[in-house]
Amino acid sequence: MSESISDRFSLDQGRRRPPYKPKDIHCPHCGAGLTLKDERSELVVCNYCSSHINVTEEQAKVLGKGPELQWDFPLKLGDQYRFKGARYEVIARMAFIEDNDASELTREYLLYNPRRGTFYLDEYHGQYSISEPTHVMPKAHPFTKKRGETLFTYDNQKWVVEGSGAYTLEYVDGALPWIAQIGDKITYVEFSEQSGSGRQYEVEAQGDEVEFGMGQAVPLELVRRATGKETLGIEQVAPLDAAQTRRWFLMMILVSGLVMAVNFIFCFLSLSRGSEVLTQSFTAQQITDEVISNPFFVANNGNLIEVTVESSSLDNAWMAVDLAVVEGDDMVIHTFDSDLEYYHGYEGGESWSEGSHSASTYIKIPKSGNYRLLMHAVSNRGDAASADQSEHDLRVKVTDGVLMYHYFLAAGIFALAVLFLLIVGYQKWKEDDDDDD
Amino acid sequence: MNNLTVTCPSCGAGHEIRNPGVIMVVCEYCGNAIYWDKEKIQNAGKQSTLPEGFTRLYRGAAGSLFKKRFVVLGRVRYSFGRGFWDEWFLEFEDGSTGWLSEDNQELCLEAPMQGAAVGQFESHKIGDKLKIEDKEFVVEEVGLAECIGVEGDLPFHFATGEKYQFVDASSPDGHYTLGIEYDNDPPTVFRGNWLSYASVKLDDEGNDW
């Protein structure tokens, strides 16, 4: 007995596989001979008269005439597609349109192998993808998600919403395993895998039925090889999928935020950096005559010094200050001027002011050592075009080892503006879910 | 009951029954069904012929599942209104048996489980969650199954036209299956695994298609 069991279960002792014999039927409308390749087919479209035929009953029944073919399908019924080492055949073709926009066309092929079942090959704007049903479910309600938002499935994959909407069946030929009707509307949400692997997850709902699919983008070259059709379309540059777009936005937002933060930090640090090496006040008389300051010490070669001149008594007046940096006793190494003006008033019920009591200049000192400032200034009331003496006192301050905070501030503000634009752009992209990219 | 030989009352063909769990056989020559109990053999009449060649599994196929050799003894096909699925009855080389469900060539291996509280059929709808022995399942399908054909050796008496309500569920991670058949009180509950294509190996895969 044990030997008999062993024989029965030995390799190649089983019954030989019964042959695959597609079923031949006749179109009940025009009588043309048709072949049913998949025994699960419920709807067959007659190749000759376009009748839609229900083949679920013993007696095939015509449901109506289908629409004329309006679109080119690069693949024909019966074309082959090699997938995972097996040959599949195109047994149905469908055209779906979104929002009644003919440019939003998806061509879908149903591919069949009697041993392996069916899967779908989709083509949208020259981009191909394949999908198969899956039992892996989303952890959150998929239809509440907007483009760019993320969703986890129970296999711990993270997905980014690619787009959502509803498309309508406009055309079908071949044989389908359900009774499709022209005008059938399917609501969908598509996701791309977050890491940019090209894997796709989709949820489709029609009536009460919700189905999940797992797929993969397929480069045109692979489709050419799988179908053996070298002339299949023109290679399109694949647009960024939602996961890639989202990642680009988030990366740019992160970079802009970092640039902004770094610049504001440097700006803050530069404001508090440096040591005051000279503070000296001069009378109007002193400054009218040429005057030289007390010495100050610049600590390091190449240090930046900030020279601030201030006249707090300026009142609707201006002051022109000529300065020179003097090394040692009398060697002028740099001359510059610094103009002050401050005006204010009351006009139309509102007070106003413009200008400033102070101004700063940054000078790079080549080598460390003792320096002094040589100064001369004239000032006058605002309505006077010229002056030959100063009417106002002047205070001068020198800070050694400063950083120019203006540049950091400007760069920080620029980064802030870019950050703002990126956030607005990201929100707009998320809301602009017409799937037209 | 080992090596029981039954003779088809319709065409006279002899059938050798090797597995003791088998109580029904559909004559492969004339399509007549015979079933028996301890007392007598009864004729269940002619059954619908199920088409062959369209499925991955087939009656008499030999292969291995998780490195365990098996032979397909029989099949029951059920319609759920918008399609059908096949239940393949398997005998393993150690004499044990099991069921493989095939729907659109997707396979799952199921075994009956005892004592699971699954509630009334009316309490289930698509999307509902069920917790069975600390494992969560989500209902994917509810409906009325109708037996539309049988073939080969089977462990129960099946008859074309028999109907029962059913609930099919999957674990959300896509690994496990739960099937509830409201054919008895309490209902029969099956739990199993979805199988990858590679986990089932047939001696004759038919890759020449």
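Colleague: How are the residues and chains labelled, and which confidence limits apply?

Modeller: Residues count from 1 along each chain as its sequence is written, and chains are lettered from A, ligands numbered from 1, in the order in which they are written. The model is predicted: local features need pLDDT of at least 70, side-chain atom pairs count only at pLDDT 80 or more, and totals for chains, interfaces and linings use all residues.

Colleague: In which sense do β6 and β7 of chain A pair?

Modeller: Strands are DSSP runs of E, at least two residues, numbered from the N terminus, and two of them pair if DSSP finds at least two bridges between them. Here β6 (residues 80–83) and β7 (residues 86–98) of chain A are antiparallel over 4 bridges. A:Arg82 stands opposite A:Arg87. The hairpin has 2 residues between the strands, and A:Lys84 takes a positive phi near 50°.

Colleague: Is B:Lys67 buried or exposed?

Modeller: A residue is buried if 20 or more other C-beta atoms, placed from the backbone, lie within 10 Å of its own, exposed if 12 or fewer, and partly exposed in between. B:Lys67 is exposed, with 7 such atoms. Its phi is positive, about 65°, although it is not a glycine, and it lies in the loop between β6 (62–65) and β7 (68–79) of chain B.

Colleague: Where is B:Pro186?

Modeller: B:Pro186 is in the loop between β14 (176–182) and β15 (188–195) of chain B. The peptide bond to it from B:Asp185 is cis, with omega near 5°.
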